Amino acid sequence: MAHSGINVLFEGSNFARLMGGLWTAVWIAAISLIIGLALGTIFGLLRTLKSRIIRLILLLYLEFFRIVPTIVLLFLVYYILPRQFNVNMPATWMAVLAFSLWVAAEFSDIVRGALESVPKHQRESGLALGLDQWQLFRYVLLPQTVRLELPATINLATRVIKTTSLLMTISIMDVINVGQQIVEANNQSHPTGVFWVYGLIFILYFIVDYPLSLWAKRLTAKQHY
Amino acid sequence: MKFNWKKIITAAVAAMSVAAVVATAAVRPSTANADSNTSSVSAIKKRGTLRVAVFGDLPPYGWVNKNGKRVGYDVALARQMAKDMGVKVKFVQVNANNRVDTLNSNKADIVLANFTQTPERKQVVDFAKPYMKVSVGVVSPKKKAITNVNQLKGKKVIVTKGTTAENYFTSKQKGVSLLKFDSKTQQFNALKNNRAAALADDNSYLYAWVKNNPKYTVGIKSIGPKQYIAPGVKKGNKSLLNWTNKEITKLNKQDFFTKDYNSELKPYFGSEVKPSDIVITSDK
């Protein structure tokens with residue numbers, strides 16, 4: 001029947017395949033976030049140091065990843081790296097590489113901003129107590145910055161999850177790529193299937209992203225009093 | 001820290017350029033190594049997998065059925081080639097515009113994705129023997145069937161932008177006025193709404209469409225130059241190119257392509273089309 005497009009979702013293993021695609025997107029986003037946040041913390045800390053060389057290099061790094069569109073980064077790691085430098089890893093790991101570097105760049109700026117916004121007397125009191133640089137960072141600055149960073153970090157996380165929709169351009173079977181396979185395979189028999197498949201994908205992304213977004217809202221609200 | 005920071009920046013820039021030069025130099029040797037062919041027949045046999053770039057969303061050539069299995073005319077050929085080589089097959093899904101890059105970045109050994117030979121593509125990849133032919137066809141309502149291109153003089157014909165059909169009519173049939181659309185869905189809707197006398201596109205798409213729209217017929221099955229669809233390998237990969245050429249000749253002798261047509265394409269194209277309209281059987 002022409003108007004039973006919803007059936008497309010439940011034929012054969014279609015639903016399981018879509019969920020598999022979603023899982024691919026989520027784990028790539030999760031691993032990239034873990035690596036990216038760790039790297040970004042280090043870079044952010046380095047950017048508050050006095051050395052101008054380190055700051056300049058990290059600023060160039062940040063600007064590069066902020067300005068170059070993510071899709072170009074993905075093409076760079078998937079097509080250019082293998083051709084020019086003979087680096088050949090599975091597409092998923094190349095995607096993790098590109099996403100991690102991007103997250104690290106964005107997060108380093110968040111960390112730097114948070115570190116700089118810790119009141120000066122906190123730092124000076126720490127130094128007066130005789131803490132060394134590492135102790136100062138670990139016991140005075142870090143606990144205070146985490147609270148400041150959280151909302152922006154969660155916002156970054158939702159952006160990373162949304163951006164996984166670009167993974168299909170480098171042949172990764174993410175949820176959108178699987179969705180397109182299903183749409184095209186059923187175009188002849190179920191012309192309205194496209195509406196249901198993209199509708200489901202919309203709901204799936206919403207289910208993954210909305211809790212994060214809510215969490216960020218609550219944290220921001222808390223900070224205001 | 002007020003001292004000479006101009007100097008420091010200069011030093012940093014100098015240091016980075018040196019680093020860049022060193023990095024490029026260090027990388028050179030490995031670029032040279034890249035020439036040792038990772039897609040030669042012996043390399044594929046050693047690896048035990050033939051990596052084939054296919055479409056995932058173009059029925060009936062390369063698509064995924066409801067059980068998640070890759071099927072289609074191109075996919076069946078890929079499986080047969082891997083079987084004859086004695087290796088497993090691994091599919092890399094591609095889109096129309098990254099077929100060439102997938103070969104050049106060593107992501108796949110061979111492209112079997114409705115890859116039409118064109119002079120531009122021949123400069124960047126090597127094509128093996130073609131296994132399919134398509135050309136422009138013209139579809140029209142059965143009641144006012146267009147069977148000869150002269151009937152179109154002074155009438156409107158629907159095409160999609162960027163297709164070989166648009167190309168052909170613009171350059172070779174100047175007496176025909178064109179009504180251009182962006183997508184397949186739009187162009188077929190326009191024909192159904194009687195916006196023009198006929199519609200021109202790759203004949204294989206038209207055969208499939210006519211099957212679901214029995215009021216229309218592909219009155220002109222083929223006009224203009226024939227286009228050939230062939231396996232593509234990375235430029236200079238002689239080893240795999242020769243093997244593929246021999247394989248296609250062998251499969252032709254076994255009538256593989258006619259069988260492949262009957263199992264994968266016939267259900268889509270219907271009885272109006274014969275295998276010989278699509279499949280190349282000449283070099284038995």
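## Helix packing in chain A

Helix H4 of chain A passes helix H5 of chain A in a right-handed crossing. The contact is made on the H4(A) side by A:Thr70, A:Leu73, A:Leu74, A:Val77 and A:Tyr78. H5(A) contributes A:Ala91, A:Met94, A:Ala95, A:Leu97, A:Ala98 and A:Trp102. By class, these residues divide into 10 nonpolar, 1 polar and no charged. The model is predicted.

H4(A) covers residues 70-85, and H5(A) covers residues 91-117. Their axes come within 9 Å and cross at roughly 135°. The two helices are therefore oblique to each other.

## Where chain A meets chain B

In the predicted model, 22 residues of chain A are in contact with 28 residues of chain B. On the chain A side, the elements giving two or more residues are H2 (14-46), H3 (52-67), H4 and H8 (175-185). H4(A) gives the most, with 5 residues. This side of chain A has 6 nonpolar, 10 polar and 6 charged residues.

## Helix H3 of chain B

H3(B) spans residues 73-85, 13 residues in total. From first C-alpha to last, the helix reaches 19 Å, close to the 18 Å expected. B:Gly86 follows H3(B), and its phi is positive, near 80°.

The buried residues of H3(B) are B:Tyr73, B:Asp74, B:Val75, B:Ala76, B:Leu77, B:Ala78 and B:Met81. They pack against both strands and helices of chain B. The strands are S1 (49-55), S3 (62-64), S4 (70-71) and S5 (88-94). The helices are H9 (238-253) and H10 (256-269).

Technical notes: Residues numbered from 1 in each chain as written. Chains lettered and ligands numbered in written order. Predicted model: local features only at pLDDT ≥ 70, side-chain atom pairs only at ≥ 80, totals over all residues. Helix = DSSP H or I, 4+ residues; strand = E, 2+ residues; numbered from the N terminus. Expected span 1.5 Å × (residues − 1). Buried ≥ 20, exposed ≤ 12 C-beta atoms within 10 Å, placed from the backbone. Contact = placed C-beta atoms within 7 Å. Axes fitted to C-alpha atoms, helices over the stretch in contact; angles between N-to-C directions. Parallel < 35°, antiparallel > 145°, perpendicular 65-115°, else oblique. Left-handed = near helix turned anticlockwise from the far one by under 90°. Nonpolar A, V, L, I, M, F, W, Y, C, P; charged D, E, K, R; others polar.
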